[in-house]
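Please examine the sequence and the model shown below.

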Amino acid sequence: MKERKDPTPAEQGPGTSPGGLDDGSAQDGRDHGEGLMASFVRRLRQPIPGAQPRVRFEMPPELEHDATAEPALDESDGPRFGSPGPRMSAQHPLYVGFMGTAGVGVALMLYYIGTNTAQLLLWIVTALFIALGLDPVVRGLEERKVPRPAGVVIAVGVLVAGVAAFFATLIPTIVEQVSQIVRQAPDWIRGFVDSDFFRSLDSQFGVRDKISQELDKFVKNPDAMGGIFGGVVGFGSTVANGVFGTLIVLVLSLYFLGALPAMKRWGYRLAPRSRRPRVEALSEEITRSVGNYVIGQVCVALLNALFAFIVMSILGIPFSVLLAFVVALLAFIPLVGGLIAAVVVILVALTAGWQTAVIYAICYFAYLQFEAYFISPRIMQKAVAVPGAVAVISVIAGGSLLGVLGALIAIPTAAAIMLLIKEVFIVRQDRH
């Protein structure tokens with residue numbers, strides 16, 4: 001008998017596979033599977049029957065036509081609603097009177113809105129400041145091929161997680177140290193009352209009797225006790241408003257950060273087309289400087305607080321974690337924040353001895369000099385450059401107007417104003 005041999009691929013011919021199957025049948029099967037998959041994807045992409053696409057408010061396109069040309073009335077060649085007609089003469093009495101009255105009315109309306117929505121405006125400014133600070137991070141992620149929505153979620157998520165982790169670690173320590181202060185306060189008061197200094201004052205001026213009389217009057221006064229209750233209620237409402245304001249600022253920051261490019265485009269379109277490139281260049285420089293300033297100030301404040309915490313831990317200064325948190329907050333205030341933080345920590349360090357306070361003062365002021373000449377210039381080299389006198393005046397003015405937030409945004413605002421003065425006003429004055 002002859003053994004049966006399987007045909008080789010060359011003997012099978014071009015229409016068969018090594019297993020004896022027809023290549024055309026296999027190809028048809030694959031094409032059929034890909035067709036089913038493509039059909040399934042198309043069905044997923046189809047809208048729900050009866051649903052309509054969401055209406056979006058889009059920016060009108062820029063018109064590229066000669067201003068001296070005749071207005072196009074055809075909808076396909078011109079604006080949808082036609083071109084505007086000639087404006088009324090600015091010297092017309094009706095125009096002057098109406099515009100003057102309308103201007104006064106708009107000014108009064110803006111003043112009324114501003115005075116009654118001051119808290120909301122403060123939240124908006126805070127959210128915009130945070131969005132400008134996170135925008136360089138989002139743009140850096142965009143340069144690494146990360147979509148902007150994903151970059152916004154990553155930046156805000158990291159910020160919220162970092163702040164939450166920081167406070168989750170810090171709050172128990174702060175509560176413990178504040179409770180320790182409250183427990184030790186009676187001993188401090190008792191030691192002060194038993195001191196020779198207080199006894200000499202009491203023998204000369206009768207301080208103890210006066211304090212007892214004032215305490216009796218305060219306890220027996222119903223208005224004072226009602227004031228204490230009102231203060232507790234007011235503190236609770238302040239905490240509730242703070243939590244609500246934090247939530248509002250977080251949501252607004254998320255929206256502003258996601259819509260920042262569109263907001264810039266809308267703002268640029270408000271300027272005349274002939275001046276838009278210059279307006280865009282100045283605005284981009286201002287927003288870039290503000291964003292770099294926020295990130296740089298955060299880094300400087302964290303380094304400042306870390307150094308203060310290390311020195312306080314080595315010297316054994318009490319409440320080091322709480323004081324490091326205070327130093328970090330005050331370090332956000334430029335120029336004067338470090339000095340205020342130094343004074344606060346030195347006063348607490350005096351409880352551990354004047355030698356400890358002196359050593360801490362020497363170390364911390366040496367660090368401030370090192371920070372001013374080595375750390376800040378390298379971190380802030382892409383941020384803003386403001387003269388010292390202007391920075392001090394702007395910080396004081398911003399703190400007087402808006403408190404801590406005003407002090408924080410004072411230097412970026414001063415830098416933006418100086419940039420506008422240098423690039424717009426001085427250039428215009430040099431031409432005359």
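How many aromatic pairs does the structure hold? The structure holds four aromatic pairs, where rings of Phe, Tyr and Trp (its six-membered ring) pair if their centres lie within 6.5 Å, and planes under 30 degrees apart count as stacked, over 60 as edge-to-face and the rest as tilted. This is a predicted model, in which local features need pLDDT of at least 70 and side-chain atom pairs count only at pLDDT 80 or more, while totals for chains, interfaces and linings use all residues. Residues are numbered from 1 along each chain as its sequence is written, and side-chain values use heavy atoms, leaving out hydrogens and water.

**Aromatic pairs**

- Phe307 and Tyr367 are stacked, at 4.5 Å centre to centre with 15° between the planes.
- Because Phe307 belongs to helix α9 (residues 276-315) and Tyr367 to helix α12 (residues 354-379), this pair ties together parts 60 residues apart in sequence; helices (H or I, at least four residues) are DSSP runs, numbered from the N terminus.
- Tyr367 is buried, with a relative accessible area of 8%, whereas Phe307 is partly exposed at 26%; buried means under 20% relative accessible area, exposed over 50%, and partly exposed in between (1.4 Å probe, protein chains only).

**Helix α11**

- Helix α11 (residues 337-349) has 13 residues and reaches 18 Å from its first C-alpha to its last, close to the expected 18 Å, which is 1.5 Å times one less than its number of residues.
- Its buried residues include Ala341, Val345 and Ile346.
- The buried residues of α11 pack against α9, α10 (320-331) and α12, contact meaning heavy atoms within 4.5 Å.

Technical notes
Helices (H or I, at least four residues) and strands (E, at least two) are DSSP runs, numbered from the N terminus.
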